[in-house]
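Hi,

Here is the model I said I would pass on. Have a look first, and my notes follow below.

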Amino acid sequence: MIKRITAWYKKIIAIGTHDEFSAIQNKHTRLVNIYILIALHTSILFYIGDLIFIQKPLSSHIISYISQFYLISVLVCNKKRFFGFAKMLWILYLFIFINLSTVMVNPGIYTEYYFLLIPGICLSIYQKKTLPIIFTLVSIVCFFIPYYYLDIYPVDHPNRMNGVVVIILFYCIYAIVNYFKKLNIRNEEKLAQAYQKLEESKKSELALLQLKSLKSQMNPHFIFNSLNSIQDLILQQNTDSSYDYVVLFSQLVRNTLNYSNKNFIAIDKELAFLEVYLQLEKLRFEDDFTYTIQHTNTEGLSVPSLIVQPFIENALIHGLLHKEGKKELVIDFTFTDDLLCTVTDNGIGRKEAKKIQERQGGRHESFALEAIKQRLEILKEQYGNEVGYTVFDEYDNQISTGTKVEIRMPFQKRY
């Protein structure tokens, strides 16, 4: 039972907080919720006590209900993320409550010292100094109104003569609370910096783990496709092609295993890897298929390992496999300020490829390409917004002439 009540209170205190907000914003929201809970409990307990021990008029009951409804509305404002409005409503409630207590309910028994609460609470829930200073000055003015404009105290009451002492008291309260608030802010800033460094470190570590995981998922899929092609050649009793395919396949597997544990490899190695892969695919497509690999101003660059091959595989399976006649593929690496790789095919285009997929009753998408999409998202977080890819459909007189993919990737300079 106690655990349930505790959990319930924690939920109320957390109203309006969210991970997307700063730690300071969430702290201020929690403080307002805590203040409201305290005031709400006080209001309800006093109301219950009055019901039991004191006969009060209907107007008193109505005021209690309004007060409780008002406090709950502040929690609702926080829930709706009207944080500034919620703070102002809470401070306004304090002013109304304290003025009524001082002037009407318990005049003359030092309830005016409740005004000391207002500067302290303002300092705790407002980051900037302007509003706490304004509220402090307004509190002082409201503090002296009962003395000089209302006959609450006798003329010879000592409180009427202690204006200087009261002002000093207000200043001391303000100075002490403000000092500890500044100290708390400095500690929060240090903690936030340490937390940010920890998050960056964890994020980097997580990204590396994800990259390795995605590449380890891609490689079995890649090998599976190649083994299927070898099997087809053996069934066709194509001995020479089978032998050539096995030699190239062994080279491909060796390079895949060597490169998969590296985040970046020299672009020359990436180009050589793609050359071997396309030679394998040419054996499957035979003489109808031609490809070109070209590069401009890429000397001395390193690129993310094995990142382009899935886009080529996608172009072959969805663009060129179902095309009749000459099949062409162009891979172009160009480096200016960014490293751009374009993969262009003269295939059937995405619309026709989608129709074929629907007729075949499947929604096949390269598993490796899906892994690369996730990998590019991780690289984008690490290296900035320039990382990613865009697909373009190419047309001639509204007739599809193929597809082009532009891949912007991070790079490293070896020299």
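Let's start in the strands: Cys-341 sits opposite Ile-407 in β7. Tyr-389 also stands opposite Ile-407 in β7. Strand β5 (residues 339-345) pairs with β7 (residues 399-409) in the antiparallel sense, over 7 bridges, and β6 (residues 388-396) runs antiparallel to β7 with 9 bridges joining them. Strands here are DSSP runs (E, at least two residues), as helices are (H or I, at least four), numbered from the N terminus; two strands pair if DSSP finds at least two bridges between them. The β6 and β7 hairpin has 2 residues between the strands, and Asn-397 takes a positive phi near 55° there.

A word on the basis: this is a predicted model, with local features needing pLDDT of at least 70 and side-chain atom pairs counted only at pLDDT 80 or more, while totals for chains, interfaces and linings use all residues. Residues are numbered from 1 along each chain as its sequence is written, and side-chain values use heavy atoms, leaving out hydrogens and water.

Now the helices. His-61, in helix α3 (residues 58-79), is buried at 19% relative accessible area, where buried means under 20%, exposed over 50% and partly exposed in between (1.4 Å probe, protein chains only). Beyond its neighbours within four places in sequence, His-61 contacts Tyr-47, Leu-51 and Lys-56 (heavy atoms within 4.5 Å). Leu-51 belongs to helix α2 (residues 23-53) and is partly exposed, at 44% relative accessible area.

Cheers
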